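User: Got a model open here and I'd like to talk it through. Can you walk me around it?

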Amino acid sequence: MLKQIIHRWERKLSTRDNNRVTRPFEWGIEFLEPEYLARTNGHRPDAREIIHKFNERAIADSHNYFKPPATPEFYFEGEYVKFKSTVETPFEQNNTVYARYFPVPPSNGNLNGSRAHEVERAEGRAVVVLPHWNARPVEHVATCQWLNRTGIAALRLTLPYHEQRMLPGFERADYMVSANVGRTLQSMRQAVLDTRSAIDWLFAQGYTRIGLLGTSLGSCIGFLAFIHDKRLRAGVYLHVSSYFGDVVWEGITTAHVRRGLESKLTREEVRKVWLAISPNSYINRLKHDNRRGLLISARYDLSFTPELSRLLFDECDRHEVRLDRAIIPCGHYTLGRVPYKFYVGYRLVSYFRKHL
């Protein structure tokens, strides 16, 4: 009974966005990093082979693939930290990163000048917040403020092609996840590298205990960053899944992307072309890793389906990865609605208070 109610609610909420555009399939090889492209060895590989080999090389060398080549210069303006992304895309608008900073205010409520920095450094705890796909600027702000009230600073990152980084003429972050295979690989790598640069900035401010909170697409980005950046002490991931391509293929949120993909690819091929940005490709790297993480799945999720989340849990069990888990009796969109958002908010804040 509850399942049917939640599913109806989910479908209703998913149709509120009526500006989704189905874009044509493209291999997008021009967006791939040259150092991970396979040598031809005298023959001309087709685009499918190039993409498959690219994924193999990126996974094998993921320590470098997901490592920023340098620390960018940071600028603080108003509430925002700004810096140049270490991944340069063809779209200038997308190449500047914005992160809204939520420091912990002092007990007297006045936060200014050097006194503010004294308070922040004394506490030493901060969380990087990675929003969901097509999040608006106001979303996830309440979570940052809630973290503040418990003595934890927050840095809310703007994802590629979102908000200030959105391309002129666009209403959605279509280039973040699309039927262009190479561009989607690039945008996800860019998001991971931007996250690691944001961690650099937090360390420069004196924070020594840093965590990460990711939601939906932000959960995937955050998990990849957590695996490859040992400075992160704890992570909470809202809506987890196993294979990036499977989520795009099955989820109601990405049905319009699937329509572009299925003109050229099968479901199995979609999984393969995006293996380098799939959490299950790297679970083995967490074996014997004692850092803490909480994986949250929604039992009635039609976007990150429970079956795909279970593949992640099974892979964790196979490699004896001891991450905590929680399954909430709601769906993808309804997790952000009363009463579920309050329950999950309490769980995540409590988790960071305990493990940061």
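Predicted model: local features only at pLDDT ≥ 70, side-chain atom pairs only at ≥ 80, totals over all residues.

User: Sheet to begin with. How many strands form it, and in what order?

Analyst: It's an open sheet of 9 strands with mixed pairing, and the order is β1-β2-β3-β5-β4-β6-β7-β8-β9.

User: Which strands stand at the edges?

Analyst: β1 (74–77) and β9 (324–328). Each has a single partner strand, so one side of each has no neighbour in the sheet. On average, neighbouring strands are turned by 20° against each other, ignoring direction.

User: And how does β1 run against β2, parallel or antiparallel?

Analyst: Antiparallel, with 4 bridges joining β1 to β2 (residues 80–84). If you want a pair to click on, F76 has V81 in β2 as its bridge partner.

User: OK, helices. What does α7 lie across?

Analyst: Helix α7 (residues 217–228) lies across β4 (125–130), β6 (209–215), β7 (232–238) and β8, and runs at about 155° to β7. Helix α11 (residues 306–318) lies across β8 and β9, at about 155° to β8.

User: What about α6: how far apart are its end C-alpha atoms?

Analyst: They're 35 Å apart. Helix α6 (residues 181–204) has 24 residues, and at 1.5 Å a residue it should span 34 Å, so the two values agree.

User: How many of α6's residues are buried?

Analyst: 22 of the 24, so it's mostly covered.

User: Is R291 buried or exposed, and why?

Analyst: Buried, because its relative accessibility is 12% and the cut-off for buried is under 20%.

User: So what does its side chain make polar contacts with?

Analyst: One is the side chain of D289, at 2.9 Å. Also, a polar atom of the R291 side chain lies 2.8 Å from the backbone oxygen of F226.

User: Which residues is R291 in contact with, leaving aside its neighbours within four places in sequence?

Analyst: F226, I227, D229, K230, L232, R233, L286 and L323.

Conventions: Residues numbered from 1 in each chain as written. Heavy atoms only, no water. Buried < 20%, exposed > 50% of the residue type's maximum accessible area, 1.4 Å probe, protein only. Polar contact = N/O pair within 3.5 Å; in protein donor to acceptor, adjacent residues only side chain to side chain. Contact = heavy atoms within 4.5 Å. Pairing = 2+ DSSP bridges. Helix = DSSP H or I, 4+ residues; strand = E, 2+ residues; numbered from the N terminus. Axes fitted to C-alpha atoms, helices over the stretch in contact; angles between N-to-C directions. Expected span 1.5 Å × (residues − 1).
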